[in-house]
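User: I am new to this structure and would be grateful for a close look at one part of it, the salt bridges. Which residues form them, and where do they lie?

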Amino acid sequence: MFENLVEVLKANPRKIVYTEGTDARILESAARLKQGGFLTPILVGNVDDVKAAAKAGSFDIEGLEIIDPANYDKMDEMAQCMFDLRKGKMTMEEVRANLQKGNYFGTMLVKMGVADALLGGATYSTADTVRPALQLIKTKKGAHLVSSCFIMVRGDEMLAMGDCAINIKPNEDELVEICKETVSCAKIFGVDPKVAFLSYSTLGSGKGGTVALSHDATVIAKELAPELKLDGEMQFDAAVSPVVGQLKFPGSPVAGHANTFIFPCIEAGNIGYKIAQRLGGFAAYGPILQGLNAPINDLSRGCDAEEVYQMSIITAALA
């Protein structure tokens with residue numbers, strides 16, 4: 001997967017901004033990207049502090065751009081731009097205070113075209129990464145919400161799962177939009193989507209809970225995208241086992257062969273992808289944020305440098 005994405009980046013040079021420039025995991029990834037030469041990192045932070053942290057970890061970041069919000073020569077222009085974007089929801093004083101934080105400053109670097117993509121969350125919470133993106137980058141045309149997708153990889157097998165990180169309790173229209181964005185994300189990574197709207201029920205075998213939600217979302221999604229292979233509502237065993245799938249959902253083009261899974265709520269999604277990761281031996285790449293005007297992605301605070309490196313490639317490739 002990553003070999004293909006690297007080739008894409010070699011043909012289409014991109015810059016990615018890291019909001020936490022002194023973090024050792026970020027610096028290790030930045031040094032590795034510098035050596036690779038196919039993606040250009042920008043580090044946010046005090047120049048002396050970033051260089052000292054790099055020296056302490058023996059990370060070669062010589063020549064990489066480090067931008068300190070406290071000394072940015074275009075801060076007045078950036079502050080005015082952000083003030084206008086907030087449309088009275090922040091005073092100029094509040095804008096300037098927020099721009100001293102790496103998450104807001106980095107997001108504005110993307111907004112102003114200094115960087116093509118952003119990766120944060122090594123120390124920030126998901127909310128602290130997503131909030132500036134929603135306020136400043138905003139959702140793309142036709143999108144009504146931000147959602148997430150995990151790309152799950154085990155050997156040559158690749159799956160897409162959404163939404164496992166952002167929307168707590170989506171309604172049927174939101175679930176359909178999550179499906180649409182997850183399908184698009186899956187295609188970027190070479191997955192030919194076969195979509196299952198998951199439930200603890202298959203074709204009405206169970207009642208209550210989110211059964212009607214998954215069923216109704218399936219109906220809407222089929223009407224909006226009849227060319228897609230999708231079905232539901234179905235249980236996970238019906239989605240992935242050909243024998244069980246055709247027993248419980250006879251005639252379905254998806255049952256038993258699904259590779260793109262739409263969960264009815266965040267509890268199911270978050271638990272589901274982590275079971276696949278920890279017990280199923282899948283590597284989990286994400287959460288990949290969907291629906292924004294530019295690629296902004298969130299790291300787990302428990303990530304390691306390898307995950308930062310891989311998510312950097314994924315995020316930049318989305319640009």
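Analyst: The count comes to eleven salt bridges in this predicted model, and three of them are described here. One joins the side chains of glutamate 306 and arginine 32, with an N to O distance of 2.6 Å. Because glutamate 306 belongs to helix α13 (residues 305-317) and arginine 32 to helix α2 (residues 24-36), this pair ties together parts that are 274 residues apart in sequence. Glutamate 306 has a relative accessibility of 34% and counts as partly exposed; arginine 32, with a relative accessible area of 35%, is partly exposed.

Another salt bridge links aspartate 128 with arginine 131, and their closest N and O atoms are 3.1 Å apart. Here both partners sit in helix α7 (residues 126-137), where three residues, about one turn of the helix, separate them. Aspartate 128 is partly exposed at a relative accessible area of 24%, and arginine 131 is partly exposed at 36%.

A further salt bridge pairs lysine 248 with aspartate 237, the closest N and O atoms lying 3.1 Å apart. Lysine 248 is in helix α11 (residues 242-248) and aspartate 237 in helix α10 (residues 236-240), so this contact ties together parts that are eleven residues apart in sequence. For lysine 248 the relative accessibility is 31%, which counts as partly exposed. Aspartate 237 is likewise partly exposed, its relative accessible area being 33%.

Notes
Residues numbered from 1 in each chain as written. Predicted model: local features only at pLDDT ≥ 70, side-chain atom pairs only at ≥ 80, totals over all residues. Heavy atoms only, no water. Salt bridge = Lys/Arg side-chain N within 4 Å of Asp/Glu carboxyl O. Helix = DSSP H or I, 4+ residues; strand = E, 2+ residues; numbered from the N terminus. Buried < 20%, exposed > 50% of the residue type's maximum accessible area, 1.4 Å probe, protein only.
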